[in-house]
Amino acid sequence: MKIAVNGVERVVEFEPDTPLLWVIRDELKLKGTKFGCGKGLCGACTVHLNGDPIRSCITPVSAVENQNITTIEGIGSEESPHPLQASWVEFNVPQCGYCQSGQLMSASALLAKNANPTDADIDSAMSGNACRCGTYPRIKAAIHHAAENLKDS
Amino acid sequence: MNDQSSHAKVSRRQFLKASATAGGGFSLSVFLPGCAVLGNKSLSDEGRWTANAWLEITPESEVVFTLDRVEMGQGTTTGLTTLVAEELNIAPDTVTVIYAPVANDYRNPEYGLQMTGGSNSLSTSWGQIREAAATVREMLMAAAAEVHQVPVKQCQAVDGVVLVEGSNKRLRYGELASLAASQSIPSNPRLKAASEFRFIGKQNKRVDIADKVNGRTEYGIDTEVPGMAYAVISRSPVLGGKVLTFDATKALDTKGVVAVFEVYNGIAVVAEQYWQARKAQQKLEIEWEEGPLATLSSDEMFQSFKKTALEDDGKRVRDDGDFDDAVDAAARVIEVEYQTPFLAHATLEPMNCVVEVNEDRANVWAPTQAPDLARIAVARVTDLSPDDVDVNVTAIGGGFGRRLTQDFIEEAAAVAVQAKRPIKLMWSREEDTQHDWYRPATYHKFKATFDKSGSVTGWDHQIVAPNLLDWYIRDAAPAQYPWAPKFMYGTLGSIGLAMQGIAVPKDETAIEGAVSMPYNIANIQVRHTHADIGVPVSFWRSVGHSQNAFYVESFIDELAHETSTDPVLFRQSLLKDQPRQSRVLELAAEQSGWGKPLPEGRFRGVAVHKSFKSYAAQVVELSVEDGAINVHRVVCAIDCGTVVNPDIVKAQMEGGIIFALTAALYGEISVKNGRVEQSNFDDYKLLRMNETPVIDVHIVESTESPTGVGEPGVPPLAPAVANAIFAATGNRLRSLPLRLT
């Protein structure tokens, strides 16, 4: 079965009901996408399917055949970070950091569709992503900041 | 603990040891003294030289700091590195941090165990790490003075270079390293005065987050080793139950399955892929022997606590004045009862561990807060001794006390032995919720007495709760008594300690924050009635304080209303001898606009609590609509002594408040027929962004030694919310979680 991950077409051999999460992590070795709940309740496993945020822990790999997946490794790098990643560092967002890939994937999908989100827009896009360390106030501030930066650039 | 006195017991020679490294660098080993609370008396007062923090300067001028604590997000890496950087006069982000391997040398001096918990990393290391780094700085300066043949006072160490005043002579730290190692260790290195600090109190950046926004940080769950298989375990649905019989035929027929076998607490399925293991697990047929907790329910448990409270007055842990006399003389006595449920930790990274067991050695990769206890966990289920076990502590996806318990490592080792290959054990969220070691459920009773004028004259507080160390000592004792053979591991708690002539360690976990009730009332008694229902319990962020603040700060609020006094003024009138408590209360009240009008439908509640040597006060602003509790704003004042990194202090208060609000509004693990009723984030909810209040943190300026910040933000929140709900509705909620419907 073929899937395109971060712009690269990959052939994977998995039983079709295997959640995409485990294919990404254990076969493609992209470990930035995390397991948190297995039921789409915490958002740690968020990736983009053709640009939309999905929960990879409840998405069977068969459902994404021949489609485009983006993971945290595909949105930016240390050398060339996504504006949200830069903003995350500036606001010291992460504590343990475990949920942050999922947070960034939800936030980047939001900004791609809405360059100027309000607090309510952010709440609505981000409330599926749980953070046990309690970094929500910083996430919200960092999203606003990145949106401002994108406007200026 | 008193840094100065414990310090004085160890001579300078024992405290520091300088040596040249093989590559021409300079390393300094440092003994960080402290006081032991878990019965280990060897660390601070035997005078034995022990290195448990290492600083190294390489010939290439790299400064390497070996950190003996784990990073769970609490900011220890940044905090302790900043101390090193300050005295070496270099930017914190130029220091290379290495996490310490498992070794007795790296034991936390306050516990005698290699453990990160109790919010004490800065308080135990503040003086010693700065002194170590200042020693290195002075030895580098002395080396430069020798090279240039100038008096040492003309040399200055700045940003990795030692300069000679009034000249352009300059040598990098690395160029001086090997000569520095041969200098005599200064007997009294000069620590920077607070006015000279460049980073302490000013550094706001974290040094550990670049990889956390790229997905590159490697947590335990990300570990892979060659030849590894994936393992899951079916555990008894009834707490404490055991396997009676099982049939693995169908599970073994599942694609990818390598083996199915019984381990000490369930049935393990090992497969080539994680999902294959999960699918096979569903096909297991297991009959359980449900054991003594098979009929336990939370309701029945609280009934039994109530009965115990009546039958057993408990141990008097504080007795000021005479409460019985206060009752005899009272014009009025009130009596109320409170209770709190079990809570799970719910770290976002579920329990997991990779283990490889060979004939004479085992390797563990795990997100653990206590690596030397991980060695014992492995030894317990293998033929190895703890010394044969290497533990690689990975990045940790949330700790909150959960990873002080090594059960998941013990399980993984037991599976690896039978699988005869390396395995990665992973828990599901449901397993994580249902097989945690919980914050204990507790039941409390209060009595207060009033005189004729209406003033409070007596306070009686009865705590019905288990002792956490009863559970923890099974893990911890063998680390402290390495002479003990393995068959004794289960009994070391009592027998082992007795054989060493040491009293069982004092366990404050049930009473902390209650026994130290700060209010000046003439007759105070605090009693602990021990009650342990057999459900595994452990440390949960802020431990006993997390509940006892709710009890004490709710009941003191009741007394304020009973005496028709403003809750802030009432507390202040009884805190005259407690200046730091009084100051944070004043600051939180002031910043929240306490006493000033609020928009229609908004109400305030307040609480103040000391924990982990820090003082925190919070004012909550909320509204109640159709029984729904909406918390809009939390104002927090914190006094944690000298602040090393103000933004981390703020982040820990924000995080503590959100963690505590989750518990106050939603947190409940309930038991029915011996089974935990909750399973995932749909029925064990975490607070979400849209429910998160505005949080304002105000830090008290202080020159006292730094104290904890990871936990002290938690305790005041629940009572402040409950007190605001009382202000809003007149309903006094005496149990958690707080529910109006």
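A salt bridge is a side-chain nitrogen of Lys or Arg within 4 Å of a carboxyl oxygen of Asp or Glu. In this predicted model, B:Asp647 and A:Arg138 form such a pair, with their closest N and O atoms 2.8 Å apart. Across the interface of chain B and chain A, 9 salt bridges are found, along with 33 residue pairs in polar contact. Several elements of chain B, including helix 8 (274-282) and strand 19 (423-426), each supply at least two residues to the side that touches chain A. Helix 19 of chain B gives the most to that side, with 9 residues.

The interface can also be described by its area. In total, 62 residues of chain B are in contact with 54 residues of chain A, and the two chains bury about 4,800 Å² between them, 54% of it on carbon and sulfur atoms. B:Val213, B:Leu348 and B:Met689 supply 17% of the area that chain B buries against chain A, more than any other three residues.

Turning to chain A itself, 5 strands make an open sheet in the order 2-1-5-3-4, with mixed pairing. Strand 2 (8-11) and strand 4 (52-55) of chain A each have a single partner strand, so one side of each is left without a neighbour in the sheet. Strand 3 (residues 46-49) of chain A runs antiparallel to strand 4 of chain A and is joined to it by 4 bridges; here A:Thr46 stands opposite A:Arg55. Helix 3 (residues 100-113) of chain A packs on the sheet, touching strand 3, strand 4 and strand 5 (68-70) of chain A.

Helix 1 (residues 20-27) of chain A is mostly covered, with 7 of its 8 residues buried, among them A:Trp22 and A:Arg25.

Notes:
Residues numbered from 1 in each chain as written. Chains lettered and ligands numbered in written order. Predicted model: local features only at pLDDT ≥ 70, side-chain atom pairs only at ≥ 80, totals over all residues. Heavy atoms only, no water. Pairing = 2+ DSSP bridges. Contact = heavy atoms within 4.5 Å. Axes fitted to C-alpha atoms, helices over the stretch in contact; angles between N-to-C directions. Buried < 20%, exposed > 50% of the residue type's maximum accessible area, 1.4 Å probe, protein only. Buried area = accessible area lost by both parts, 1.4 Å probe. Polar contact = N/O pair within 3.5 Å; in protein donor to acceptor, adjacent residues only side chain to side chain.
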